[in-house]
Amino acid sequence: MGTQAPGVRIGGLTVVYKTPAGELPAVRDISLTLEPGTITGIVGESGSGKSTLALSLLNAVQPPGRIAAGSVEIDGLGDVVGLAGEELRKARGRHIGYVFQAAQNSLNPLKTVGKQLLDLGRSHGVEDLRGLVREAQELLGRMGLDGARVLDSHQHELSGGMRQRVGIMLALVLNAHLVVLDEPTTALDMITQANILKIVREVHAERGLTTLVITHDIGVVAEVADRLAVMYGGRLVEQGPTREVLGAPQHPYTKGLIKAIPRLVGDIDEARALPGRPPTLATVPKQGCVFRERCALRMDVCDDVDPAPQVDQGERGPRTVACHAVTVKEHA
Amino acid sequence: MTLITRRLAGHLARGFVMILVVATISFFIVNNIPGDPMAARYEKLIEQGMAPEAAQQAVKVLYGFQPDGTLWQQYSDYISGLLRLDLGVSVTRPGTPVLDVLTDAAKWTIVPVLVGTLLSFLVGIIFGVYAAIKRTGKLGDALSISGSLLHGIPQYVLAMLLVVIFATLIPILPADGSVDILYEPGFNGPYIGSLVEHAVLPVLTYALSAYGGWVLAMKSSVVTVLGDDFILAAELRGVKRSIVFRYIARNAILPLFTMLALSLGLLLGGAVFIEKIFNYPGLGWLLISSVTDRDYALMGGAFLLITVGTILANIVADLFYTVIDPRVRSGEEAS
């Protein structure tokens, strides 16, 4: 793949989970392009399918789930949905770095970070292991940690913020240029969170990466992402340049999300929670708009017809909304 | 290393106190069991026509202690004897120290139980991993079922089943005893062959009855680790399958070492049924015969040996963890 930031084109991706009620889609017919060198944020509530989407980028959807349709084209790798076995294993880590949620234990508790780094190097046929260790120390130092000390530590000797930086180091140390961060700052305190986001931004720019950040926190996306995609019930309801989407949200769900954020100044009552609950795998409507149950703009057509994404080529990049109400307004 | 020495010292001190407590409790229990073997022996000698004074003297010489001291005196004699590793003299084997009887029987227990336990541990661990990984397949199911089944059969039923099969239906193995008396004891082929031949069924019984527990424990441990995040994380980093497998195995086997250490600790007294059925002269057999013969000194010694075994096993397990689990190591440093 070289040292170029790769572009990623997700086309018509559908991921289903096998349940007693049959195979239910967690991600349905999603198309999304990650331009080379950009940071894309995906926001959504728990169960919106965003983590499933992130795992699809590595063709790592865990059973009982599987990718039922669609493709994930990554420059230099081809369609990862078609990869399997050793080919897939070698792509992971080497071409695509994956950073786990900080609160999760993404390190083997019985081995030091350094030993796990060597395991990673050996797995990918790195011959210069000394060089790998040096690279890791440099990365850790770059993130404000004492590299030698951290490599000599076990997971339980590191704080949440330190673990997260180790996770980022392990995702980058093999020189992957596509990095997926799944809830990178969840369960971290505010200061550590700000630190990690700063690191993500800097490392992204320095190394020339293509980055995907998955989060439920709009603040995180506003902080780092060039483009923003909003997921609801396994569908992509709106996407576009971050500023445009946050500044002038079009989809009623996006509007509701932004309205729900409490402000630092002003009355706390101005923050309005969205009425109702997000759908689960079993309660997602099989046809029509997935958001209609909670939507103030609901129309008859929403019950039967799935709103098609309407693309609008803006100055700062394409803007997409999938909502009947928005379409009607534009054409009226 | 100082950490381990410090831990060891603490454990030994605590273990010593525990042994004293257990010795005290078993002393008073044994003391309160109705029936006095000394008095019985004394009366027997009188019946045989001995004068009362001579009979009392004879009993005292035979057993080396005063049956008519106060309770406190008897207790302090017992404890100070213990500190000198003197467990008293066997009642049924006059003149033989209990310690000698126990060490003689111990070898018939330790070797077969050790072999049986380690064998079942090894096989159980391997099958347990397989049962966990292939838990949706037929062979995985079969392994789990074999574990539940053998775990559910009581030891003595299993022992008798093996006797019926290998000694009665297909008479290829001896049903009881420890060795044929035909052979000259020592390091020679026929004698050792006879030893092994006699040990096969008891060892097989130990191994089969313990196997089920290992399979089930290892399976559930592996299933837990398989669901841990760091396994998925390693896979997503493209770590080789063989290395990921080592991550799983090492993390999953950790809790089983406690069980192994404890079952080795119980080894000294746990083979009662098996040794009884195979008439194998180990510690379990000795314990039963000491109970039926009212050999209270021997009984107390056997109880004490089981206590010491269990306490030592706990100490070994804990020290072992200090070595293999980094979390235990630093947990101590922090405190």
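How many bridges join strand β9 (residues 227–232) of chain A to β10(A), and in which sense do the two strands run? Six bridges join them, and the strands run antiparallel; helices (H or I, at least four residues) and strands (E, at least two) are DSSP runs numbered from the N terminus, and two strands pair if DSSP finds at least two bridges between them. The model is predicted, so that local features need pLDDT of at least 70 and side-chain atom pairs count only at pLDDT 80 or more, while totals for chains, interfaces and linings use all residues. Residues are numbered from 1 along each chain as its sequence is written, and chains are lettered from A and ligands numbered from 1 in the order in which they are written.

Within this pair of strands, A:V230 has A:E238 of β10(A) as its bridge partner. The two strands form a hairpin with two residues between them, and A:G233 in the turn has a positive phi of about 55 degrees. Strand β10 (residues 235–241) of chain A is mostly covered, with six of its seven residues buried; a residue is buried if 20 or more other C-beta atoms, placed from the backbone, lie within 10 Å of its own, exposed if 12 or fewer, and partly exposed in between. β10(A) also pairs with β12(A), in the antiparallel sense over two bridges, and there A:E238 has A:V321 as its bridge partner. A:V321 in β12(A) in turn stands opposite A:Q310. Strand β12 (residues 317–321) of chain A and β11(A) pair in the antiparallel sense over five bridges.

These strands belong to an open sheet of eight strands in chain A, with the order β6-β7-β8-β3-β9-β10-β12-β11 and mixed pairing. Its edge strands, each pairing on one side only, are β6 (96–99) and β11 (310–314) of chain A. From one strand to the next, the twist averages 20 degrees. Helix α6 (residues 160–172) of chain A lies across β6 and β7 (178–182) of chain A and runs at about 170 degrees to β6(A); axes are lines fitted to C-alpha atoms, for helices over the stretch in contact, and angles run from 0 to 180 degrees between N-to-C directions.

Chain A as a whole contains twelve helices and twelve strands. Its radius of gyration, 20 Å, is close to the 20 Å that the globule rule gives for 332 residues, so chain A is as compact as a globular protein of that length; the radius is taken over C-alpha atoms, and the rule is 2.2 Å times the number of residues to the power 0.38. Of the 332 residues, 47% count as buried. Residues 24 or more positions apart account for 63% of the contacts in chain A with a separation of 6 or more, a contact requiring C-beta atoms, placed from the backbone, within 7 Å.

The contact between the chains takes 24 residues from chain A and 17 residues from chain B. On the side of chain A that touches chain B, α2 (85–94) and α3 (113–123) of chain A are the elements that give two or more residues, and α2(A) gives the most, with five residues.

In chain B, B:A234 lies in helix α9 (residues 229–236) and is buried, with 27 other C-beta atoms within 10 Å. Leaving aside neighbours within four places in sequence, B:A234 is in contact with B:V239, B:V244 and B:Y247.

Key:
Two residues are in contact if their C-beta atoms, placed from the backbone, lie within 7 Å.
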